[in-house]
Amino acid sequence: MRSYVADLHVHTLLSPCAEVEMTPRNIIEQALEIGVDIVAITDHNAGDNIIAAERAAEGTGILVIPGMEVETREEVHFIALFESLAVYAEWQRFVDLHITELVNDEDAFGGQFVVDHEDNLVEVKEVMLLASLHCSLAEATAEVKRLGGVAIASHVDRPSYSVISQLGFVPADVTLAAVEVSRRCQDKGAQNRIREATGLPLVTASDAHTIGDFINGPKTVLHLEAASLSEVKLALSGSGGRHIGEFLYAPETTR
Amino acid sequence: MVRVRELPELLAAAAVATIPEEALEVTLSSGYASDLLSNVMGQAKAEGVWVTMQGHQNVVAVAVLAGLGAVVVAGGTKPDGDAVRKAGQEGLPLFTTELSAFETVGRLYRAGVVGA
């Protein structure tokens, strides 16, 4: 068993609200620099930059988890994580069936860029990614579970796009492996209250939209036998000796 | 003042489940409008009417918790199956209307239902 530093919520420049510096290559380089072992790429309702991130991470020892930050009909955000690109591709088919037809306004929301592992622009994505899918939180999380993935409610301490703000509490028919608190929720008492109120394990992540967020944002230490999603799953449920360790905060944010 | 039984005509609304007779006679003491359920839990008053565009089953749970007199799901949103079932079980007057949330609140206000 060893400890892995994980950031399970990272946006790339594909998310309209993320800076263009958030290229997969740059994220992986910084991860190496600051000692992050597991990076989940979680763009809003899309995953076109996952391949580039996996290529950029080849030979580095960093595990890239294919993921997505999903927005459901209730305007709840959650992180969906998958074992492999092949499983992710199945999830993408589900998303394609439920995505809105709206076109992004780049001036209002920012650009949505797909790049390769060397930062070359491949495509500007036109469909509006900052919109809710036509499916409920229960339906979406059930599909994640069917695919053997992991669903984690995003930033449940935040006043918007959180399962708590939107629905008041976690509904019984929603299949979540954990809930995430944002960097704004570093108080242990507040974290314990959320853990008790939701009855779910707690993680934190950077939710990075800039390289500064990624470097300074919170990370979760996971105690695993190896770096893989199935091991992460075990750690979230606290089985087989795997478990969630401490939350790491950069000096700038804990001062 | 508005009683629950007057809502269908006032708001061109339909009940999604059978409402117990005594619940129909409740006089709505105040109104609240929000789609954020955690906000409603803290703000809505007992025997009030809540206007929302959310059709999730937690709407019913929050309404029962707060002791609301009625909930109107506006803007043509259809409450999901679980919400309809739960409203029936709880005897909660849950209505839908094609009217926008703005128009719904306006008609309630004009009829004498003021903010919580």
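A polar contact is taken here as a pair of N or O atoms within 3.5 Å; within protein, one must be able to donate a hydrogen and the other to accept it, and residues adjacent in sequence count only if both atoms are side-chain atoms. By this rule, seven residue pairs, both at pLDDT 80 or more, are in polar contact across the interface of chain A and chain B. The model is predicted, so local features need pLDDT of at least 70 and side-chain atom pairs count only at pLDDT 80 or more, while totals for chains, interfaces and linings use all residues. Residues are numbered from 1 along each chain as its sequence is written, chains are lettered from A in the order in which they are written, and side-chain values use heavy atoms, with hydrogens and water left out.

At the interface, 10 residues of chain A are in contact (heavy atoms within 4.5 Å) with 12 residues of chain B. The two chains bury about 850 Å² between them, 51% of it on carbon and sulfur atoms; buried area is the accessible area (1.4 Å probe) lost when two parts are put together, summed over both. In chain A, the most area is lost to chain B by A:Gln166, A:Leu167 and A:Phe169, together 44% of what that side buries. Between chain A and chain B, the count of salt bridges (a side-chain nitrogen of Lys or Arg within 4 Å of a carboxyl oxygen of Asp or Glu) is zero.

Over all chains, the same rule gives 16 salt bridges. One of them joins the side chains of A:Asp213 and A:Arg183, at 3.7 Å from N to O.

Turning to the pockets, an open set of points on a 1 Å grid over the protein atoms alone counts as a pocket when a 1.4 Å probe fits and protein lies on both sides within 12 Å along at least five of seven lines; lining residues have an atom within 4 Å of a point. The largest pocket is lined by 23 residues, with A:His44, A:His77, A:His155, A:Tyr161 and A:His209 nearest its centre. The second largest pocket has 15 lining residues, and the closest to its centre are A:Arg73, A:Glu74, B:Met53, B:Gln54 and B:Gly55.
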